[in-house]
Amino acid sequence: CMIDCGDTIIEATMLHGVREVQREVALKGQTIVYEARYQVPDVAAGIAWAREQVGKPYDFPGAFGLAITPGRDWRQDDKWFCYELGAGALRAAGRYLFINLTHVGETALMAINP
């Protein structure tokens, strides 16, 4: 899950945590399997929120599901894995899609109507 900021991408990776890098760096060696562009009320707010997350660590337990950390809610902003970061950016941009979920994974993010 990557947040498109034009020339740069904001992503959460196991090796780097949350970072903003040039598009070429983020996509090097990657295969794009699915691309979704969501309609949001405030794109700038979503990107600004994502930029505020840059430098935070990767959420390893969150990436493996709630069985490892049953008390953790995906909206805690101390660390992120890719789908949480994408859902958080959508929420900051005005799409409140995952209010009732304590864990956001690929299925939840991809199941919504862009």
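In the protein, 54% of the contacts with a separation of 6 or more are accounted for by residues 24 or more positions apart. The structure described here is a predicted model. Its secondary structure consists of 5 helices and 3 strands, and along the sequence these elements follow the pattern β-β-β-α-α-α-α-α. Of the 114 residues of the protein, 38% count as buried.

The strands form an open sheet of 3 strands in the order 1-2-3, and the pairing is antiparallel. Strand 1 (2-4) and strand 3 (17-22) are the edge strands, each pairing on one side only. Averaged over the sheet and with direction ignored, neighbouring strands are turned by 20° against each other.

The pairing of strand 1 with strand 2 is antiparallel and comprises 3 bridges. Within this pair, Met-2 stands opposite Glu-11 of strand 2. The two strands form a hairpin with 3 residues between them, and in this hairpin Gly-6 takes a positive phi near 95°.

Strand 2 (residues 8-13) is joined to strand 3 by 6 bridges, and these two strands also run antiparallel. Ile-9 faces Val-21 of strand 3, Ile-10 stands opposite Glu-20 of strand 3, and Thr-13 has Gly-17 of strand 3 as its bridge partner. Strand 2 and strand 3 likewise form a hairpin, with 3 residues between them.

Met-14 lies in the loop that connects strand 2 and strand 3. Met-14 counts as partly exposed because its relative accessibility is 47%, which falls between the limits of 20% for buried and 50% for exposed residues. When residues up to four places away in sequence are not counted, Met-14 touches Tyr-58, Phe-60 and Phe-64. The C-alpha atoms of Met-14 and Ala-63 are 9.6 Å apart in space, while the two residues are 49 residues apart in sequence.

Strand 2 is mostly covered, with 6 of its 6 residues buried. The cover extends to both faces of strand 2: Thr-8, Ile-10 and Ala-12 are buried on one side, and Ile-9, Glu-11 and Thr-13 are buried on the other.

Helix 4 (residues 82-92) lies across strand 1, strand 2 and strand 3, and runs at about 130° to strand 2.

Helix 4 is mostly covered, since 9 of its 11 residues are buried under the limit of 20% relative accessible area. The buried residues of helix 4 are Cys-82, Tyr-83, Glu-84, Leu-85, Gly-86, Ala-87, Gly-88, Ala-89 and Leu-90. Helix 4 is followed by Gly-94, which has a positive phi near 105°.

The largest pocket holds about 1,100 Å³ of space. Its lining is made up of 32 residues, and those nearest the centre of the pocket are Cys-1, Met-2, Ile-3, Asp-4 and Ala-36. Strand 1, strand 2, helix 1 (23-27), helix 2, helix 4 and helix 5 (106-111) are the elements that give two or more residues to this lining. Helix 4 gives the most, with 5 residues. By residue class, the lining of the largest pocket divides into 21 nonpolar, 5 polar and 6 charged residues.

Helix 4 lies across strand 1, strand 2 and strand 3 and gives 5 residues to the lining of the largest pocket.

Conventions. Residues are numbered from 1 along each chain as its sequence is written. This is a predicted model: local features need pLDDT of at least 70, side-chain atom pairs count only at pLDDT 80 or more; totals for chains, interfaces and linings use all residues. Side-chain values use heavy atoms; hydrogens and water are left out. Two strands pair if DSSP finds at least two bridges between them. Helices (H or I, at least four residues) and strands (E, at least two) are DSSP runs, numbered from the N terminus. Axes are lines fitted to C-alpha atoms, for helices over the stretch in contact, and angles run from 0 to 180 degrees between N-to-C directions. Contact means heavy atoms within 4.5 Å. On a 1 Å grid over the protein atoms alone, a cavity is a set of points where a 1.4 Å probe fits but cannot get out, and a pocket is an open set with protein on both sides within 12 Å along at least five of seven lines; lining residues have an atom within 4 Å of a point. Grid points are joined across faces, edges and corners, and a volume is the space filled by probe spheres set on the points. Ala, Val, Leu, Ile, Met, Phe, Trp, Tyr, Cys and Pro count as nonpolar, Asp, Glu, Lys and Arg as charged, and the others, Gly among them, as polar. Buried means under 20% relative accessible area, exposed over 50%, partly exposed in between (1.4 Å probe, protein chains only).
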